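I am opening a notebook on this structure and will write down each thing as I look it up. The entries begin with single residues and go on to a whole chain and an interface.

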Amino acid sequence: MPDSLLSLEGLTKRYAVTVLDDVDFDLQGGEIHALLGSNGAGKSTLCRIIAGLTPPTSGSMRLDGQVYSPSGKQEAEHSGVQIVQQELCLIPTLSVAENMMLSRMPQRLGIIKQGELRQQARIALDRVELGEIDPDLPAGKLGVGRQQLVEIATALDRQCRILILDEPTSSLSGGEAENLFRWLDRLRDEGIGIIYISHRLDEVAQLADRVTILRDGRHVCTQYTEGLSTDEMVGLMTGESPAQHSAESFRSYRTDRVALRAENFSHDQVVRNVSFHVHEGERFGIAGLVGAGRSELLRLVFGADSADSGSLRLGDSGSPLRFNHPHEAVDAGLAMVTEDRKSNGLLLPLSIRFNASIASLASRFSRGGLVRRRAENETVSDVAHQLDLRCRDLEQATVTLSGGNQQKVAIAKWLVRKADIFFFDEPTRGIDVASRRRIYRLIESLAAEGKAIVIVSSDLDELLETCDRIAVMSAGRMVATFSRGDWSVDRIMQAAFSEHMGKTA
Amino acid sequence: MKRTDAVRAAVQYAGLVGVLMILILIFGFASENFLKAATFVSIANQIPDLTLIAVGMTLVLVIGGIDLSVGSTLALSAAVLGVLMADRGWSLWASIPCCVLTGAACGLFNGAVSVLARIPSFIVTLGMLEIARGATKVVTQSQTKYIGSSVEIVSEPIAGILLSPAFLIALAAVLGGQFLLSRTVFGRYCIAIGTNEEAVRMSGIRSAPYSITVFVLCGALCGLAGLTYTSKLSTADPNAAIGIELSAIAACVIGGTSLMGGRGNVISSFLGVLIIAVLQTGLAQIGMTDPMKQIITGGVIVVAVLLDAARMRWSDRKR
């Protein structure tokens, strides 16, 4: 296509392995072009090459028919290519305005013109309907979703002809995402080419004009979105036919024995007098809006934060107790797969083996204070095999794994520990479809073994698919609990909003 | 498995051993006296204090801390030794435990305050640097305590092997420290704590006891260093080992220990100590002035760290 805004030919990127293999791609002005593929398929690498963050090993790029080979991010930006990456890049201690204008501060003799700075930021924010954000606020005080929006606003404020968004909605609320989609529609009308990466297929179906699907670094196909179902997209990404997934039926392993009963947990106004229980073999979901206090509840029960009130009982017997430190919870057989692998789930620079065994060293792999290396290696290797962990060897640093495989390591840690009660906080956030399936199957097999499982997820489909019961939290309270069979998306969503509607009505 | 372990270890130490060899060759060519047994015996008997401190410092750096008070702790421990032996007439064997315990007590203070009150160890140990130095002067009334031959035996070469008990103690500390770090549950926890303390907590491990123990160990090693330092001079000097914390940090950094925590190797730190010692001795032998020695030593530290950074980048790329 000669009139493409951007066209890539035979793009290849090799590190030790080939991450992109002879990929062709083209982007028209005025289209939203989604890039789909499981983690490790090469989407992010492709975008990084386009944005000048990394050079290709071979292949050529043309922008407006001219050869385009940016030497760095700045040159790419100069050519009108903007990227908003998945990780937040704002400097938390600088104000929103300073962050937005960082590379082009209005100044005289090196002294920042505060008034102009604020005004320009204000204009840029207003343009994308973020009028309520105070440009003087330190960026770190904003929620994660807001920070993401500010980054996108910043990219839009620069002269841009190609906008690359890598998972922009992963931390946005429904309303914020809707807002974003409206801007994107407007940008498309202005003739800007948008490359959009997301794991949320419904979003892609709704938003994108075309999709390009990558698998293992190769170009699978480029198709118009119209007439392409999300099931078909999954099929193209995984190389499996859609029937394999939709035919999956739910099987319950719930027993009558209560594994954990939590009573009257409260903390500040974030968690308000919440009680719940979970049976052995049961998968118990907690749904709710972002900020409803679900993760906080798990952290309180696990002893990671100290509760104002609340107690719990394990099994049928026992007196009420409360954990003051996670080590007490872990000793009692609890496990928590945290939401944020980077900050508190994994020791990213360290090896798979190190991470998988760390929670069990004292209980399983210690003899007189020495690490029993052979037992450690054997056990970790078994569990890695069981989880279908994709890695070169167990000494590989976890930071080099894809998101899905990192999550498997985080889970492996607790399988090695032989925990009885599992808390999963957003178990599949940012994880590709194939790994997600693998994790659902794993959770199911844990339930089959009689483990009690609590899952917090913002992805309602995930809970609907995996859980025996779903409780709903709204503004810190647990407002409803539904059993499989008598729930509906409508009723769950109504419950999730219930505490918010009461105030206005 | 075994084989890759061995290869990994060889690669890890090859760079440092290579640098050491090159230095020895250079000085060997530059000075006809350098390549003689006497030189190496002198180096071996000179380095125990710095080695002991570098072992402790490596452990502290691995958990993401730092101990600036090692020099003062050494001096205070030495002062206790000096007062007990010179003024009170205690025997060496009775005094050594007191000397080591003094160091351990300083370490306990550092560890307990920085870990329990969550104050950066940089600041707590900076305070300790002053406190212990002041205490040293109080204990000794700012006098140098002459002990004499009863303590000198620690630094005298043992007949037949030419090495002093002090050197053997330091060598044992190096091997023990590396064993602790690489083979024990305790060592694993230390590396984990230095990498990401919050992830350690969420894995159900209480990090505080381990962190505090590391500071206590570092203090106790300073106490031992106080003994070897004193035995070299046969006197307890209230102004002993000023600035040794920087040499110890330099040795660790040359050995590739990260100041950010989570990465460190005691044997590498020991090789760092050797590099510094060979450099000092060699430069002195070829007649360099003290200022030139300082400039060159500083330059070598920077170059060593640059090389290490390059090595890390290279192995990252290979991954």
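This is a predicted model: local features need pLDDT of at least 70, side-chain atom pairs count only at pLDDT 80 or more; totals for chains, interfaces and linings use all residues.

**Entry 1: a buried alanine**

I looked up B:A241 and noted that it counts as buried, because its relative accessibility is 7% (buried means under 20% relative accessible area, exposed over 50%, and partly exposed in between, with a 1.4 Å probe and protein chains only). B:A241 sits in the loop between β2 (235–236) and α12 (244–254) of chain B, where helices (H or I, at least four residues) and strands (E, at least two) are DSSP runs numbered from the N terminus. Although B:A241 is not a glycine, its phi is positive, at about 60°.

Residues are numbered from 1 along each chain as its sequence is written, chains are lettered from A and ligands numbered from 1 in the order in which they are written, and side-chain values use heavy atoms, with hydrogens and water left out.

**Entry 2: positive phi in chain A**

I then turned to A:N273, which is not a glycine either and has a positive phi of about 50°. A:N273 lies in strand β14 (residues 271–279) of chain A, and it counts as partly exposed because its relative accessibility is 48%.

**Entry 3: a serine in a helix**

Where does the side chain of B:S77 reach a backbone oxygen? I found that it reaches that of B:T73, at 2.8 Å. B:S77 is in helix α4 (residues 70–87) of chain B and is buried, with a relative accessible area of 0%. Leaving aside residues up to four places away in sequence, B:S77 touches B:C99, B:T102, B:G103, B:C222 and B:G223 (contact means heavy atoms within 4.5 Å).

**Entry 4: chain A as a whole**

For chain A I noted 19 helices and 23 strands. Its radius of gyration (taken over C-alpha atoms) is 24 Å, close to the 23 Å that the globule rule (2.2 Å times the number of residues to the power 0.38) gives for 505 residues, so chain A is as compact as a globular protein of that length. Buried residues make up 54% of the 505 residues in chain A, and the C-alpha trace spans about 75 × 55 × 50 Å along its principal axes.

**Entry 5: where chain B meets chain A**

How many residues does each chain bring to the contact? I noted 26 residues from chain B and 40 residues from chain A. The area buried between them is about 2,700 Å², of which carbon and sulfur atoms give 59% (buried area is the accessible area, with a 1.4 Å probe, that two parts lose on being put together, summed over both). The rule finds one salt bridge across this interface (a side-chain nitrogen of Lys or Arg within 4 Å of a carboxyl oxygen of Asp or Glu), and in a salt bridge the side chains of B:R188 and A:E376 meet at 2.7 Å, N to O. On the side of chain B that touches chain A, α9(B) gives the most, with six residues.

Key
A polar contact is a pair of N or O atoms within 3.5 Å; within protein, one must be able to donate a hydrogen and the other to accept it, and residues adjacent in sequence count only if both atoms are side-chain atoms.
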